[in-house]
Amino acid sequence: MENPIVTPSELKTEEFVVNIGPQHPATHGVLRVEATLDGEIIKDVLPHLGYIHRGIEKMTESLGYKQSIFLTSRMDYLSAHINNHLCALAIEKAAQIEVPARAKAIRIIMDELQRLTSHELWWGSCAMDIGAVTPFFLAFRDRERILELFEQNTGNRLTMSYIIPGGVMNDIRPDFVPKLKELIKSIKDYRKEYDQLITGNFIFQHRTQGIGILSKEQAISLGCTGPTARASGLSCDIRKLYPYDGYEKLDFKEVIDYGCDNWARYVVRMEEMNQSIHIIEQLLDNMPTGEYRTKLKGVLKLPAGEYYQRVESARGELGVYIVSDGGAKPYRMKFRTPCYSNLGAVKPISVGMKIADLMANMATIDLVIPDMDR
Amino acid sequence: MIKEELKHYLEQTFPNSKVDETFDFPVLFITKEELIPVMKQLRDAPETKFNFLFCETAVDRNPELEMVYHLSSTYYHHDMMVKVVLEDRENPVIESVYSLWEAADLYEDEIYDMFGIRFTNHPNLRRIFLTEEWVGYPLRKDYQDDKIISL
Amino acid sequence: MISMIQFSDVLAWIHQLLSSCMAPWLVFIIELVVASVAAVVALLVCVIIMVYMERKVAGHMQLRHGPNRVGWHGVCQLFADIIKLLLKECFTPTRADKLLFVVAPVLSLCVSLLALAPISWGPGLVLWNTNIGVLFVTAISSMGVIGILMAGWSSNNKYALMGAMRSGAQIVSYELSAGLSIVAIVALAGTLNTGGIIESQANGWWILKGHLPAFFAFIIYIIASTAECNRAPFDLAEAESELTAGYHTEYSGMQFGIFYLNEYINMGVVSMVASTLFLGGWQPFYLPFDFAWAHTFNDIMALKFMETWPAWISWVSLAWPLVWFFGKLFLIIFFMMWFRWTFPRLRIDQLLKLEWKYLLPLSIVNLVIIALLVVLGLHF
């Protein structure tokens, strides 16, 4: 009898396609990633969007400028304040509305608190995607306290719609500043727990270091912004490059890392949380007094023209491109959302990696699905 | 370069094209045939180095469609807009800028989905948000749908 | 050791009682059935405690209270869950391989329960007193992967298949270092009989008197057995964030319940083996030193003071070995839970690298050192 000899060519494995999502624990929403796998190794990644597409850009065309603000809270629900801020800034710029100093300070405090909540939630869900469940609960504990503060002052926890053209919706409560000071003290203590539990963990470091490498050239070509791009050494912090609402007067560092991998993205976000705390502390000690908003006319009309405004959201550059025809409704309102551009980075950094790395990569890029789908 | 300098530079460099300005950025109007060479020049010229395509979208100027490219430079941190007017409303076609910026992959998918502008040399043009069977292009001004409820 | 009333005396008394009124073959069958049922029930009680413990441990590590609504501090939560699982439909996907799909959970359960046979619960309290006890457990426990592979293959689901394949690679790998660390203790004890191994630790647990190599063997065994049970950080077969639920993605109702139960039974068996081999099974703590206070300590631990007490009180001493046995069991299980709720998950290549590049060479070297210790007679 002949012995069957297996040649390497006969041992070739077959590629198969796995649809990760739309309902999947690691996509944190309704994103479908069509992954082509060769065993455990990823050969191709194709994201499919639209499961939570609400046509916000179309809806703004039939709403007034002031009303559009309320839609923006629903885009990136983890940085709703920053989305509102963006829209308010664009409208103020076009209609040339002066904002009181107190409103500017409140806006920045809210923005930075929002960035803290967003990064805290990201920390928990990133650790969960890598397999540790406990950090998720720690993250929620800390986020909850900030959300309580939001609730007391703005009336809402998630979709605040607090920052409006001309200032903020209503003044902060008298006990806001002492409460926030207390909160910041405890957040600093909690940050130590984060480092003890995850940052110093041997397995976590091995799961992130050297994985998901996004070079600076690639980041530029893909239009990546925010912590994702800053971890690749690209200076792109809007707060530094195009300051708005008094960021130029504050002392904070733009966090840049040159590691280009998942670990660098992790480190950048962790350090950004420290910077946010630092910014808030500076403002708390000398809160301006006075009006909290400028009264506006009932119907707001922007002069005909095109306007572009950008802010630094928790995930990167958030921009709005408004085309106005002089009427009460925007002719076209385009939101340039950071997650949509950053999504492009998933494929180049995941191909050739293991399936577990795809989850880690998506986690460190920090995708928020409604932000992409709009 | 600040806005006025940049506008002046563009007028000098592209004498055949119209240069305008918006509230924030200078605008360069070009035809769709010269899109790739002009973009390549803007990206690679040492004076401008517009290497960052941070936003690409379209505006329906009924009846013509307008492609809007927002460019930025990570070296000089100056920005500009490039506009291409597409006259043909029924069958708008333009060359993809994917060969210059990979970011165009997703941006152009969205524009194809919402405005029906087709891109040549695009690696994977698909309706990214809506289903393949969807009739019409929602962000066009003449889009009609029975399900639209006017507020 | 306790020399008053032994489990073997009680068992012999029952045997005599039955033999006096029945045919020998009937006695054999009755004894077999009663003993097996007793062992399984004992294990199921352990599992109930383990599930409750896991929820509470996880809860308190995660700033929660864990279950606290059903019954006192939520003790009845598990029963409510079991009723829910029993009432749910056991759904079979259309394109699944029906036979394998149904058999897979049952097979894994049988395999896990089989490994229970040679475990020695107390002095003389052993279901199957065989001279290949530890070998049998090792052989049986690696068969559990067949059930997982069957479940993954028959589900006709890509996640399930990948989970099963991962599990196969993982269990086959980690079986090696688990086996080698067991062999290390077998070499020290000179027997494969579980009761024999435990009795050899009457003058000190192997983890103490086996010098450093025995301690290393204990650590390697705990790591490898955590991996064999598919527990985090080695839960790649389930890998919630990657494969949704891995090999049991398509299972529902009590079929899923059996896989869940199986995980805890495996944990129990593995911890029993670990406590038998390294921590002296039902033996109380013994200090292998020659000081006066150490002798006093050991006498108290061995309940020596009860010898002078009336016989009817010394019945209490029957429970003493069981307290030690279950105490050690739950201590090891607590460690496994601690790992699960603290560590992130490894990647598949890191998992295999850890085994083949670090644990396996370490356990081979460890075994050689222990062999030298035994040959030179350096151990206690």
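These exercises with worked solutions concern a predicted model.

Residues are numbered from 1 along each chain as its sequence is written, and chains are lettered from A, with ligands numbered from 1, in the order in which they are written. Because the model is predicted, local features need pLDDT of at least 70 and side-chain atom pairs count only at pLDDT 80 or more, while totals for chains, interfaces and linings use all residues.

**Exercise 1.** State the confidence values for chain C and for the complex.

Solution. pLDDT is the predictor's confidence in each residue, from 0 to 100. Chain C has a mean pLDDT of 84, and 94% of its residues reach 70 or more. For the complex, the predictor gives an ipTM of 0.87 and a pTM of 0.86.

**Exercise 2.** Describe the side of chain A that touches chain B.

Solution. Two residues are in contact if their C-beta atoms, placed from the backbone, lie within 7 Å. On this count 31 residues of chain A are in contact with 26 residues of chain B. The elements of chain A that give two or more residues to this side include β6 (305–313) and β7 (316–324). Helices (H or I, at least four residues) and strands (E, at least two) are DSSP runs, numbered from the N terminus.

**Exercise 3.** Work out how β6(A) and β7(A) are joined.

Solution. Strands pair if DSSP finds at least two bridges between them. Here 9 bridges join the two strands, β6(A) and β7(A), which run antiparallel. A hairpin through 2 residues links β6(A) to β7(A). S313(A) stands opposite G316(A) of β7(A). As for burial, 8 of the 9 residues of β6(A) are buried (20 or more other C-beta atoms, placed from the backbone, within 10 Å of a residue's own).

**Exercise 4.** Find where the buried residues of helix α5(C) lie around its axis.

Solution. Helix α5 of chain C covers residues 133–141, and its buried residues are G133(C), V134(C), V137(C) and S141(C). Seen down the axis, these fall within an arc of 100 degrees, so they line one face of the helix. The arc is that of the directions from the helix axis to the C-beta atoms. Among the elements that cover them are α6 (144–154) and α7 (158–189) of chain C.

**Exercise 5.** Compare the span of α2(C) with the expected one, then list its buried residues.

Solution. Helix α2 of chain C (residues 24–61) has 38 residues. From first C-alpha to last, α2(C) reaches 54 Å, close to the expected 56 Å (1.5 Å times one less than its number of residues). L43(C), C46(C), M50(C), E54(C), R55(C) and K56(C) are buried. These pack against α12 and α15 (319–340) of chain C.

Conventions:
A residue is buried if 20 or more other C-beta atoms lie within 10 Å of its own, exposed if 12 or fewer, and partly exposed in between; C-beta atoms are placed from the backbone.
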